[in-house]
Amino acid sequence: MMKQSAQLNKTATNSGFRKFGMRDKMGYMFGDFGNDFFFILVASFLMIYYTDVLHINPATVGVLFLIARLWDAVADVTWGRFIDTRNPGKAGKFKPWIFRMSFPLVISGVLMFVYIPGMTDGFYLAYAFVTYILWGTLYSTVNIPYGSMASVITSDPVERTTLSTYRTLGANLAGLIINVAGPLILFVDNKADANHFLLGAIIFGVLSISCYMACYKMTTERVVAPVRVKEKGNFGKTVRGLLKNKPLIWILIISLMFMICFMLIGAVNVFLFKDYFSNAKALSIVGFLQTGTVFVAMPMVRSLVAKFGKKEIAAAGAALSAVIYLLLYFLPNLSTTQFISLLTIAMFGYAFFNLVIWAFVTDVIDYHEYLTGLREDGTVYSIYSFARKVGQAIAGGLGGFAIAAVGYTSALDVQTQDTLNGIHTLATLVPAITFAAMFFMLVFFYPLNKKRTLQLAIDLAGRRAGRN
């Protein structure tokens, strides 16, 4: 394996670019740091803002989330294909789009939380639809180039795992700030406050822009695809390659399930702690511990992946999470502290999956090039993002429908016991089943184990060297 790594490093550093290092890792970390200031804010608190501030029915919120995420999925693929039709510029192929589109993205994020008092219910509903869909569309214009960029920063599989780890670190740092500081800023006397939500959005917006600019300045695109010449039949070749890409198909399914689970957990946990445990501010502790599990797992990931492989580590983490969530389901009378203590172990389990997921994506991008001879980072990444958006759509829709189905009523100060039991089930049993299914699929169906991934990288490096 050392010989294989050395061969890849030699290929990567003969291009004349600055050597891959900590600057790239930190820069890539800042990209998802910027992304997730609003992504996590939306995932964790937008539903409660819509139900308790704008007084929109939770089932209607579910419809909004479903429609918006399905639209975003189409926008992802359209934008990814658009980027792949463009040749790289002086700053690279993907970085310029992060710079151009981050400003309108952040502005649209703040607009989601502008509350105009005294308007009709119809106005609030229309305003929610327009601003949320606008934000989601603009998010595609930044996130697709950002995600695609990992595959051109380095070609080495271990270095890509490091990028995936730092990306997850960035997301969790944003999560730490939002999930710890968020409830303290957004809620007043255990209730969502319109003015405080807007204040939080502005603060997170400023931080988001700062992170995007750091990502743009600190990263370097090294894997340069040949200048693209329009060829008849290329699109058909692309589609055939995607359909034959078994690793892509399975990582799409697994990621879709994870996003459904992750988004549902984020949405339902707000109601779980606010209503079931009557302690919304405990969400700050959960957010802190969730980030803490990533910090604990992060130093282990590189050595574990080098020894066992990404697939194997991700599967083990999913199995641990499934077991703990199932245990929580069968223990409904735990105190807040006891529940959070066990929940932390589950979060530690899926931290490993989160830390390596983006390295899976760069592997399936490489496999597409291996099958087709076409370097189409934006297209393949956008297909992956499409699956995540579908997962978000399903989770957003299911979250709203499920909260409505268990009888949640925002007008009640205290929910019925049946409603509280339903919220507990949504927060425990559903994640247990989802993580168990992910484990099964990773172990028995995802084909790129450690040995095959390393060989794929070497084969592609040899092909590129032969073209130069």
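Reply: His-55 lies in the loop between H2 and helix H3 (58-84). Helices here are DSSP runs of H or I with at least four residues, strands are runs of E with at least two, and both are numbered from the N terminus. The model is predicted: local features need pLDDT of at least 70, side-chain atom pairs need 80 or more, and totals for chains, interfaces and linings use all residues. Residues are numbered from 1 along each chain as its sequence is written, and side-chain values use heavy atoms, without hydrogens or water.

Look at the backbone of His-55. Its phi is near 55 degrees, a positive value in a residue other than glycine. Most residues other than glycine have a negative phi. His-55 is also exposed, at 55% relative accessibility. (Exposed means over 50% relative accessible area, buried under 20%, and partly exposed in between, with a 1.4 Å probe and protein chains only.)

Ser-278 is in the loop between H9 and helix H10 (282-308). Its phi is near 55 degrees, again positive in a residue other than glycine. Ser-278 is exposed, with a relative accessible area of 56%.

Tyr-276 and Phe-277 are both buried. Their ring centres are 5.0 Å apart and their planes stand at 80 degrees, so this aromatic pair is edge-to-face. The rule takes rings of Phe, Tyr and Trp (its six-membered ring) with centres within 6.5 Å; planes under 30 degrees apart are stacked, over 60 edge-to-face, the rest tilted. By this rule the structure has 41 aromatic pairs. One of them joins Phe-273 and Phe-339, edge-to-face, at 6.1 Å centre to centre and 75 degrees between the planes. This pair links distant parts of the chain, 66 residues apart: Phe-273 is in helix H9 (residues 246-276), and Phe-339 is in helix H12 (residues 336-372). Phe-273 and Phe-339 are buried.

Aromatic rings also gather in a cluster. Among its members are Phe-39, Phe-45, Tyr-49, Tyr-50 and Trp-135.

Now the charges. The whole structure has four salt bridges, each with a side-chain nitrogen of Lys or Arg within 4 Å of a carboxyl oxygen of Asp or Glu. In one, Arg-167 meets Asp-32, and the closest N and O atoms are 3.3 Å apart. Arg-167 is in helix H6 (residues 157-186) and Asp-32 is in helix H2 (residues 22-52), so the bridge joins parts of the chain 135 residues apart. Both Arg-167 and Asp-32 are buried. H6 also holds Glu-159, which counts as buried at 15% relative accessibility.

In another salt bridge, Asp-275 pairs with Lys-274, with closest N and O atoms 3.3 Å apart. Both Asp-275 and Lys-274 are buried. Asp-363 and Lys-310 also meet in a salt bridge, at 3.1 Å from N to O. Their pairing ties H12 to helix H11 (residues 310-329) across 53 residues. Asp-363 is buried at 3% relative accessible area, and Lys-310 is buried at 9%.

Next, two kinked helices. H4 (residues 95-111) has 17 residues, which should span 24 Å at 1.5 Å a residue; its end C-alpha atoms are 25 Å apart, which agrees. (The expected span is 1.5 Å times one less than the number of residues.) H4 has a kink of about 40 degrees at Met-101, shortly before the proline Pro-104. A bend is the angle between axes fitted to the seven residues ending at a residue and the seven starting there. The buried residues of H4 include Trp-97, Met-101 and Leu-105.

H14 (residues 417-444) has 28 residues and reaches 41 Å from first to last C-alpha, close to the expected 40 Å. Its kink is about 30 degrees, centred on Thr-425.

The last stop is the surface. Phe-439, Phe-440, Val-443, Phe-444 and Phe-445 form a nonpolar patch with about 450 Å² of accessible area together. Phe-445 lies in the loop between H14 and helix H15 (450-467). Phe-445 is partly exposed, at 33% relative accessible area. Patch residues have over 30% relative accessible area and no salt bridge; nonpolar side chains (Val, Leu, Ile, Met, Phe, Trp, Tyr) are joined within 5 Å, like charges within 9 Å. Areas come from the Shrake-Rupley method with a 1.4 Å probe, and for residues only the protein chains shown count as cover.
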